[in-house]
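Thanks for coming. I'd like to walk through one structure today, starting with charged pairs and ending with the nonpolar packing.

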Amino acid sequence: MRLSRRGLLRAGLAGTAATALGGLASGCAVPTGSTGRNMVLWYWSGGLSETVVKQAKARYDSAVNLRATQIGGYYRSKLLTTMTGRAHIPDIVGLKGEDMASYLPNADQFVDLRTLGADKLKSQYLDWKWQQAIAPDGSLIGFPIDVGPVVHYYQPAVFEKAGLPYEPDDVSREMATWDQFFAAGEQLKQRIRGAFMLTDVGSVFEMSIGQGAKRFVDEDENFIGDQEHVRVCWDRAVEAKRRGLVSSIVSGTPDSISAKEKGRLPSMLNASWAAGDLKLEVPKMEGEWRVANCPGGPSNVGGSFLAITKACREPERAFEIISWMLNADNQAQGFVEAGLFPSTPASYEMTKLREPDPFFGDQITMDVYGPAAEKIPVAFNSPFDVALGQPIRDEIKNVGVLGKDPKKAWSDAMSKCRRIGEHLGVSV
């Protein structure tokens with residue numbers, strides 16, 4: 001059973017990773033990850049297909065003893081502690097997508113996958129995802145596992161009752177923009193007592209940020225979170241609150257589950273992996289949900305990588321293993337088994353990924369997920385984006401949950417960003 005990814009997407013200070021890894025001198029990682037035939041792989045629960053992991057162990061058994069270990073708790077902290085300690089460093093490590101930018105300034109602690117032939121495989125993967133693992137010096141430190149294209153999950157029966165489009169193609173077309181989506185939300189609220197289009201304002205802000213090519217810090221380490229591209233996303237989230245489109249129900253609670261079952265929360269914007277969460281939350285609602293495009297354009301939440309540490313004694317063999325584990329066939333297995341949406345477009349046409357999904361009324365959801373994944377914008381991800389984006393995310397949540405004045409919340413967010421930026425050495 002795949003665990004919920006909500007806990008895997010919690011933000012932390014990006015400077016933590018940069019500081020911890022920065023303590024390791026170039027070329028000084030002690031090669032204790034592998035001894036003889038042993039090779040150690042670290043990942044987290046739900047991070048890889050267990051079937052593929054078992055198959056990899058069997059496939060390469062004659063050459064290496066692959067020990068795959070799921071690391072519980074705060075994965076990144078445990079990985080950084082181990083690497084900083086310079087002992088028992090794993091050969092192959094998972095790197096979560098939201099943390100990747102934090103590792104890039106310390107690319108010398110990982111093997112440049114280009115030296116192992118990765119560039120020959122580049123065309124098989126989503127370009128925007130590949131770009132996320134390229135360090136400032138041009139080295140490639142991560143091989144793509146999965147991505148998280150955002151879609152619009154909704155209940156067609158409730159939409160039809162509200163006089164809204166309810167077939168997936170119609171919803172995608174007639175709620176293609178945020179303005180159209182908000183107008184539909186107002187109609188839903190008027191026609192269905194107690195129904196809301198959105199669970200929280202944070203989803204509007206997060207998906208909107210992901211639809212652009214800029215985040216919070218630019219390539220020259222200047223804070224740009226106070227600029228128009230962020231302010232537009234902020235104002236959009238505030239407008240959703242102002243227009244009464246947002247529920248006060250907390251996601252993942254029994255109240256939230258009940259509201260979905262009763263049609264009071266018949267809509268949500270979330271990544272492909274959230275389909276698994278939805279099926280676990282409301283299994284009795286099989287056939288009552290559909291999938292359409294995210295308003296405003298493609299966005300992404302989540303997705304990770306595999307990397308090879310400098311402690312690995314056999315990097316060529318390690319790369320052979322990870323490139324096999326993450327080929328199109330095995331990524332398709334990862335999606336079927338663990339909800340890991342493939343970073344390999346060739347997977348999208350495979351029969352096993354084009355089976356009608358009973359939970360979504362026998363819709364072939366790949367027809368929505370696939371095009372969304374391929375059209376996600378390429379954006380620069382700074383090691384400091386998480387730290388300097390967090391105050392803004394916290395304050396928009398205060399607007400949505402606590403009813404804080406948006407002007408005061410924005411001002412407070414900018415003040416916090418300035419203090420954090422000065423501490424991290426980012427120009428503000």
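How many salt bridges does a search of the whole structure find? The search finds 16. Please keep in mind that this is a predicted model.

R243 counts as buried, with 17% relative accessibility. The cut-off for buried is under 20%, so R243 at 17% falls on the buried side. E186, at 27%, is partly exposed.

Next, R317 and E320. Their closest N and O atoms are 3.0 Å apart, and the two form a salt bridge. Here both partners are in helix α13, residues 315-325, three residues apart, or about one turn of the helix. As a reminder, an α-helix has 3.6 residues a turn, so residues three or four places apart point the same way. R317 is partly exposed at 27% relative accessibility, and E320 is partly exposed at 35%.

The last pair is K408 and D412, which meet in a salt bridge at 3.2 Å, N to O. They are four residues apart in helix α17, residues 406-424, and therefore separated by about one helical turn. K408 is partly exposed, with a relative accessible area of 46%, whereas D412 counts as buried at 16%. This pair also belongs to a network of salt bridges that links E395, K404, K408, D412 and K416.

Which residues of α10 are buried? They are V230, C233, W234, R236, A237, V238 and A240. The buried residues of this helix pack against α8, α9, α16 and α17.

In general, in soluble globular proteins, nonpolar side chains tend to be buried together. In this model the largest nonpolar core has 77 residues, and those touching the most other members are Y153, L198, F205, W234, Y369 and I392. Helix α10 gives the most to this core, with six residues.

Take L198 as an example. Leaving aside residues up to four places away in sequence, L198 touches F181, F182, S203, V204, A240, L245, V246, S247, L265 and L269. One of these, A240, is among the buried residues of α10. There is also a second, separate core of 52 residues, including V52, L95, Y103 and C312.

Is H152 buried or exposed? H152 is buried, with a relative accessible area of 0%. It lies in strand β6, residues 150-154. What does its side chain contact? The side chain of H152 makes a polar contact with the side chain of S267, at 2.9 Å.

Key
Residues numbered from 1 in each chain as written. Predicted model: local features only at pLDDT ≥ 70, side-chain atom pairs only at ≥ 80, totals over all residues. Heavy atoms only, no water. Helix = DSSP H or I, 4+ residues; strand = E, 2+ residues; numbered from the N terminus. Buried < 20%, exposed > 50% of the residue type's maximum accessible area, 1.4 Å probe, protein only. Polar contact = N/O pair within 3.5 Å; in protein donor to acceptor, adjacent residues only side chain to side chain. Salt bridge = Lys/Arg side-chain N within 4 Å of Asp/Glu carboxyl O. Contact = heavy atoms within 4.5 Å. Core = buried A, V, L, I, M, F, W, Y, C linked by side-chain atoms within 4.5 Å.
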